[in-house]
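Hello,

I am passing a structure on to you.

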Amino acid sequence: QLQLVESGGGLVQPGGSLRLSCVASGFTLDYYIIGWFRQAPGKEREGISCISSSGDITNYADSVKGRFTISRDNAENTVYLQMNSLKPDDTANYYCAASRSHITTVKAMCIMPQIATTWGQGTQVTVSS
């Protein structure tokens, strides 16, 4: 059974940092583009960062560029999202998702989350003082 599990969310003050992890089980991430998405109450799901299967191509939403960094360790079957300089607007439920790399591109994955075939259950990030 293909599964993605996110962790690392929590409550943090503005300006703080968190690192989210997305661990895959039941399949190897080697052949998958992985994306991080977020959804706040009353808002549409937003693609914030995506990474190619080898890790050499990344894409970021303008809202997080320069603050968030996506990376992956295929040996550990894990993708990370380092989030720095967090703002209250970053408050949302954060999800990771996977799509086979031969059917999409990194940028398309971030723009069209419906491309993803496997989703995690999400981890809540709250930025508040």
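Below are the notes on what was found in it.

This is a predicted model, in which local features need pLDDT of at least 70 and side-chain atom pairs count only at pLDDT 80 or more, while totals for chains, interfaces and linings use all residues. Residues are numbered from 1 along each chain as its sequence is written, and side-chain values use heavy atoms, with hydrogens and water left out.

**The cores**

Start with the inside. The largest nonpolar core has 29 residues. A nonpolar core here is a set of buried Ala, Val, Leu, Ile, Met, Phe, Trp, Tyr and Cys residues joined through side-chain atoms within 4.5 Å. Buried means under 20% relative accessible area, exposed means over 50%, and partly exposed lies in between (1.4 Å probe, protein chains only). The residues with the most contacts inside this core are L4, W36, F68, V79, L81, M83 and Y94.

Seven strands are listed as giving two or more residues to this core: β3 (18-25), β4 (32-39), β5 (46-51), β7 (68-73), β8 (78-83), β9 (92-100) and β11 (123-127). Strands (E, at least two residues) and helices (H or I, at least four) are DSSP runs, numbered from the N terminus. There is also a second, separate core of eight residues. Among them are I33, C50, A97 and V106.

Contact means heavy atoms within 4.5 Å. Setting aside neighbours within four places in sequence, L4 touches C22, V23, A24, F27 and L29, and also C96, A97 and A98. T118, W119, G120 and Q121 complete its list of contacts.

**Strands β9 and β4**

Next, the pairing. Two strands pair if DSSP finds at least two bridges between them. β9 pairs with β4 in the antiparallel sense, over eight bridges. Within that pair, R38 stands opposite Y94, and I34 stands opposite A98. β9 also pairs with β11, again antiparallel, over three bridges. There, A92 faces V125. Strand β10 (residues 118-119) runs antiparallel to β9 and is joined to it by two bridges. In β10, W119 is the bridge partner of A97. β9 is mostly covered, with eight of its nine residues buried.

β4 is mostly covered too: seven of its eight residues are buried. Five bridges join β4 to β5, and these strands run antiparallel. I34 stands opposite I51 in β5. β4 and β5 form a hairpin with six residues between them. In the turn, G42 has a positive phi of about 80°.

V5 lies in strand β1 (residues 3-7). Is V5 buried or partly exposed? V5 counts as partly exposed because its relative accessibility is 37%. Beyond its neighbours within four places in sequence, V5 is in contact with S21, C22, V23 and Q121. V5 and T123 are 118 residues apart along the chain, yet their C-alpha atoms are separated by 8.8 Å.

R19 is in strand β3. At 47% relative accessibility, R19 counts as partly exposed. With neighbours within four places left aside, R19 contacts S7, G8, Y80, L81 and Q82. R19 and G120 are 101 residues apart in sequence and 16 Å apart in space, C-alpha to C-alpha.

**Two loop residues**

N77 sits in the loop between β7 and β8. N77 has a positive phi of about 55°, although it is not a glycine. N77 counts as buried because its relative accessible area is 14%.

S85 is in the loop between β8 and β9. S85 is not a glycine either, and has a positive phi of about 50°. At 41% relative accessibility, S85 counts as partly exposed.

**The largest pocket**

Last, the surface. A pocket is an open set of points on a 1 Å grid over the protein atoms alone, where a 1.4 Å probe fits, with protein on both sides within 12 Å along at least five of seven lines; lining residues have an atom within 4 Å of a point. About 180 Å³ of space lies in the largest pocket. That volume is the space filled by probe spheres set on the points, which are joined across faces, edges and corners. Its lining includes R38, Q39, K43, E44, R67 and D89. By class, the lining has two nonpolar, three polar and seven charged residues. Asp, Glu, Lys and Arg count as charged; Ala, Val, Leu, Ile, Met, Phe, Trp, Tyr, Cys and Pro as nonpolar; and the others, Gly among them, as polar.

Best wishes
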